[in-house]
Amino acid sequence: RMAVTFQLLVALSLILRLALIAYGEWQDKYFAVKFTDVDYNVFSDAAKLVAESRSPYLRPTYRYTPILAIALVPNHYLFFAFGKLLFVLGDLTSGWLLYKILSLQQLPEKIKLTGCIAWLLNPLTAVVSSRGNAESLLSTLVLATIYFVMQKRLSVAAMFFGLAVHMKIFPAIYSLSFLLLLDENYSSKRAGSWWKSLFNSERVKFALVSGAVFFAISCFSYILYGYEFVYNAYLYHIIRRDTRHNFSIYFYMLYLIQESWQSSLLGLLAFAPQAMIVLFSSVYLHRDISLCCFVQTFAFVTYNKVCTSQYFLWYLSLLPLVLVRTRMTLWEMCTVAGMWFLGQGLWLAPAYFLEFEGYNTFFLIWFASIIFFCINTYILSRVLYCHLYRPTFVCGQVAKAHVE
């Protein structure tokens, strides 16, 4: 019997994604409903503008860093699916980083492979990157930050973190957690006074390097494209109020009051529960950095005023780090996963009739969003209750993970 190895797992996941890309080319050619994500066409159009020495922000709805458009310029010089292959590479790199992080915790090989399967052979993650969504690149940067923090290569970790925040501002929610992690348990050095402990060399280095990388790349982008870069890459996402149907519990309320002043107020108030959860989880969970980042990401996406399926990749990339240390039985994990997919199915059915059949199903979509929100809240509570808590660092060393 052939043994399952990490190399075999990567090969299977690559074959799966290449097959999906090939299928997508066929579906795009012969079907009205396209396989390729609409965002991929936006990326590609922006890349074409960059290739013509024009601003990528001339493409309506391009709300991303210009670095992404620059990276996809080969779409127009080599072949159109180049970007999809780049995103698939991000998927595989994330899988490799997950394996390395789990290895640092001295977990058995079987458990490490099980964790990696949850990402590499997950049909949702495979489809999202194969359709041309760039979220896998962000997942790679976040996982690289965790990996190099655990390796105690703080400057490298900070560089990846600065780049991650530049690519999409949301990873900034991890800032406090990483800084709190870098305490005496991390360095194994005792500071002489409280202020030296608070502003130790590790925290100062991480803050300065990550900040320098973020501002350097952002300043370069500003020099190239000016205020339109700042607005589209950052400010838009803060003031954004998406009234199109999405998984957020806020979308229907924002849709109903989109022309009034209450819309802006609700958009700002929506940040309050996110901010509180991020603050409390940073303070109480930062010693277990994998759990902390997962909880923050899961809650941030669940409570966000805009929630689409690609956002799920933000926490699915961290899920394997939590799954390998849980008291949940296999049956309960399957039940929870079934509830999660059922919640999406209940939402997708009325969304299809709205988008493709023209029926007014806004209320049904909103009701399905509330059900999905409740399911996610239950899942998060079960993850926290069943987690085998273990500090990431003890006396300056990566703690060996305890599993049952």
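Is Arg17 buried or exposed? Arg17 is buried, at a relative accessible area of 0%. Here buried means under 20% relative accessible area, exposed means over 50%, and partly exposed is in between, using a 1.4 Å probe and protein chains only.

Some ground rules. This is a predicted model, where local features need pLDDT of at least 70 and side-chain atom pairs count only at pLDDT 80 or more, while totals for chains, interfaces and linings use all residues. Residues are numbered from 1 along each chain as its sequence is written, and side-chain values use heavy atoms, with hydrogens and water left out.

Now, salt bridges. The term means a side-chain nitrogen of Lys or Arg within 4 Å of a carboxyl oxygen of Asp or Glu. How many turn up in the whole structure? The search finds ten. I will show you three of them.

Start with Arg17 again. Its side chain meets that of Asp91 in a salt bridge, 2.8 Å from N to O. This pair links distant parts of the chain. Asp91 sits in helix α5, residues 82-104. Arg17 sits in helix α1, residues 6-30. They are 74 residues apart. A word on naming: helices (H or I, at least four residues) and strands (E, at least two) are DSSP runs, numbered from the N terminus. Asp91 is buried too, with a relative accessible area of 0%.

Glu135 lies in helix α8 (residues 135-150) and Lys168 in the loop between α9 (154-167) and α10 (175-181), so the bridge ties together parts that are 33 residues apart in sequence. Glu135 is buried, at 5% relative accessible area. Lys168 counts as buried as well, at 16%.

Arg54 is partly exposed, with a relative accessible area of 42%. Glu52 is partly exposed as well, at 39%.

Next, helix packing. Angles under 35 degrees count as roughly parallel, over 145 as roughly antiparallel, 65 to 115 as roughly perpendicular, and the rest as oblique.

The crossing of α8 and α9 is left-handed. That is, the near helix is turned anticlockwise from the far one by less than a right angle; clockwise would be right-handed.

Which residues meet there? From α8, they include Leu138, Leu141 and Phe148. From α9, they include Phe160, Phe161 and Met167. Contact means heavy atoms within 4.5 Å. By class, this contact has 13 nonpolar residues, one polar and no charged. Ala, Val, Leu, Ile, Met, Phe, Trp, Tyr, Cys and Pro count as nonpolar; Asp, Glu, Lys and Arg count as charged; the others, Gly among them, count as polar.

Now another pair of helices: α13, residues 201-225, and α14, residues 227-239. Their axes come within 7 Å and cross at roughly 125°. That makes α13 oblique to α14. On the α13 side, the residues that meet α14 include Phe214, Tyr222 and Tyr225. On the α14 side, they include Tyr227, Phe229 and Tyr234. This contact divides into seven nonpolar residues, two polar and one charged.

Two backbone points. Most residues other than glycine have a negative phi. Now look at Thr61. Thr61 is not a glycine, but has a positive phi of about 75°. You will find Thr61 in the loop between α2 (38-51) and α3 (66-71). Thr61 is partly exposed, at 45% relative accessible area. Gln106 also has a positive phi, near 60°. Gln106 lies in the loop between α5 and α6 (109-120).

Last, two single residues. Ser290 is in helix α18, residues 289-302. Ser290 counts as buried, at 4% relative accessibility. What does Ser290 contact, leaving aside neighbours within four places in sequence? Leu321 and Val322.

Then Leu388, in the loop between α22 (362-386) and β1 (393-394). Leu388 is buried, with a relative accessible area of 9%. Leu388 and Ala11 are 377 residues apart along the chain, and their C-alpha atoms are separated by 31 Å.

Note on methods. Axes are lines fitted to C-alpha atoms, for helices over the stretch in contact, and angles run from 0 to 180 degrees between N-to-C directions.
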